[in-house]
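Let us go through some structural labels and ask what each one rests on.

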Amino acid sequence: MAEIRNDNGISTLYVDGQPFQAFAGEVHNSAAYDPERMEIEIWEKMEQSNLNTLIVPVYWETLESEEGKFDFTLVDALIKQADKYKKKLILLWFGLWKNAESAYVPVWMKKNSETYFRVELYGGERLNTISPLCTAAVEKDANAFSRLMEHIRETDENSAVIMVQVENEVGLLGTERDYCAQAEEVFGGSVPEMLLPEQTEKERATWKEAFGDDAEEVFSAWCFASALEQIASAGREKHPLPCLTNVWLKQFPWYPGSYPSGGPVEDMLWVWKAAAPSLFTIGPDIYVPYVSDIMKTYSRPDNPLLIPEVRKDAVTASYALYAFLHFHALCYAPFGVEDLWADQPSDLPAEVIDALKLDPLSFNLSGTKETLGEVYRLLEEIRPLYLKYRGTEHMKCFLKQSDGEQGCYLKFKNYDIEIQYLPRTDGAPAAAGVVFELDENTFLIIGMMCSIRFHTKPGDHRRVDFLTKEAGTFHVGKWVCEQRQNGDEKIVSVLYNMPGCFRIETFKY
Ligand code: DGJ
């Protein structure tokens, strides 16, 4: 069984008592309707990039196609395949909401928009989004989700399922809030105490009084967070797996409704934390160029970093390394990961990229399969080192975060290390890596696209040289020296686009 533990201030995922990092990929939305195709096109191939976890949807529309009757065929197939390939699963519950719409609800619910009423724009036009204030719909979703969790508890003997994402990128597009009659009534009332713990009975504030211009977005966030809390808690009562939800980020032009209003964007996190405590984290879906800023925003003591969707051009290999080692991510997953292994990747049409406001460059696949695969392999190999050194001064990470950045200077006890970033080229990752100070004079450097130079500490005017320098890698948890280097090879220490490692022992003279 999977659980999140706090190890000296670092949230850590444990599976069956062992620390686990999900080196993952998320499959395309429609991949999981067909287990046979999944077997051939995904499960058989994922080893090529050293994934240990797959993120896969479970569709409410097929799980409960007839009201009250549950069909777990697709879930059973997934668990069986995960066991066969010795991989883990994070399931995506495509229930009431997916990308601000209600496209995955069962047909019987789609057809009954009287009972399962929709969000209305100002003026009465309906969205294809069931209102989060529709208690009948939320109850049905909570019931289906709890049946799913119960089924997982009863059948998943090897803990293949390690987490579940509840819904997908919720919120409202095209409006800042719901204006249906039920929403009008609630918005006209006072703000729930959980959002205004200080308020007294006498002075119960209205949404507008309390939140001014943000009132509509806070209201939407509270509506969605409350609905997800009801759904997630119903499921966790049956099987207490870690549950999360993901977020469509706040993006230009920055007004609620241009991105899904009410989703757990940065400034609405406080609402989500108050109203949805059953979600242990909110995972950002990152298709923007400023990936590391977003990783930082969504890494908080109350929100361990978990990236369920991320761009999949070669730079993703660099972000993966940094996410796991610097931000202690629990999971990292490029979206549409099967494209990496396809003979002819079925890339997203330009219209979809445009509609979802994705950076088109984020879907350029050249170089990703190899570089990401090697990063995932190395991360798996060095897990014991990471667990030993994380949170200490003996492990420091670097990442080229923008084009203008030339490098960084990492300070250790006896030496400082200058890391110069190589310029990024097409199909190559960005400069990124980690330095482990194994003892005062021995360093292990893992990274790419950078050159490395040692310096003595300020005031120490001796020169530095290497007692030994080895280029190598890790295999079954052990350091493997591939080449001892001296002479010309000692003059510079450069790592190029394929992630590589040096083990260096220094001395001063
Ligand atoms: C974000 C969504 O969460 C995914 O399901 C998918 O639609 C991608 N965008 C884009 O393909």
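Q: What makes strand β12 and strand β13 count as paired, and in which sense do they run?
A: This is a predicted model, where local features need pLDDT of at least 70, side-chain atom pairs count only at pLDDT 80 or more, and totals for chains, interfaces and linings use all residues. Residues are numbered from 1 along each chain as its sequence is written, and side-chain values use heavy atoms, with hydrogens and water left out. Two strands pair if DSSP finds at least two bridges between them. Strand β12 (residues 306–310) and strand β13 (residues 331–334) have three bridges, so they pair, in the parallel sense. Leucine 306 stands opposite cysteine 331 in β13.

Q: How do you know what counts as a strand or a helix?
A: Both are DSSP runs numbered from the N terminus: helices are H or I with at least four residues, strands are E with at least two.

Q: What shape do the eight strands close into, and in what order?
A: They close into a barrel, in the order β4-β5-β6-β9-β10-β11-β12-β13, with parallel pairing. Neighbouring strands of this sheet are turned by 30° against each other on average, direction ignored.

Q: Which strands does helix α11 touch as it packs on the sheet?
A: Helix α11 (residues 315–325) touches β4 (22–26), β12 and β13. Contact here means heavy atoms within 4.5 Å. The direction of α11 makes about 170° with that of β13. Such angles run from 0 to 180 degrees between N-to-C directions, with axes as lines fitted to C-alpha atoms, for helices over the stretch in contact.

Q: Why is isoleucine 307 called buried?
A: Buried means under 20% relative accessible area, exposed over 50%, and partly exposed in between (1.4 Å probe, protein chains only). Isoleucine 307 has 0% relative accessibility, so it counts as buried. Isoleucine 307 lies in strand β12. Leaving out residues up to four places away in sequence, isoleucine 307 touches Pro284, Ile286, Met295, Ala323, Cys331, Tyr332 and Ala333. The C-alpha atoms of isoleucine 307 and alanine 24 are separated by 9.3 Å, though 283 residues apart along the chain.

Q: Is lysine 86 buried or exposed?
A: Its relative accessible area is 71%, so lysine 86 is exposed. Lysine 86 sits in the loop between α3 (73–84) and β6 (88–98). Its phi is near 55°, a positive value in a residue other than glycine.

Q: Is methionine 449 buried or exposed?
A: Methionine 449 has 6% relative accessibility, so it counts as buried. Methionine 449 lies in the loop between β18 (442–448) and β19 (450–456). It has a positive phi of about 55° although it is not a glycine. Most residues other than glycine have a negative phi, and most peptide bonds are trans.

Q: What is the peptide bond from phenylalanine 252 to proline 253, cis or trans?
A: That bond is cis, with omega near 10°. Proline 253 lies in the loop between β10 (243–248) and α9 (269–275).

Q: Which residues line the second largest cavity?
A: The lining is Pro132, Leu133, Leu172, Arg177, Asp178, Phe219, Ser220, Cys223 and Phe224. On a 1 Å grid over the protein atoms alone, a cavity is a set of points where a 1.4 Å probe fits but cannot get out, and lining residues have an atom within 4 Å of a point.

How values were computed
On a 1 Å grid over the protein atoms alone, a cavity is a set of points where a 1.4 Å probe fits but cannot get out, and a pocket is an open set with protein on both sides within 12 Å along at least five of seven lines; lining residues have an atom within 4 Å of a point.
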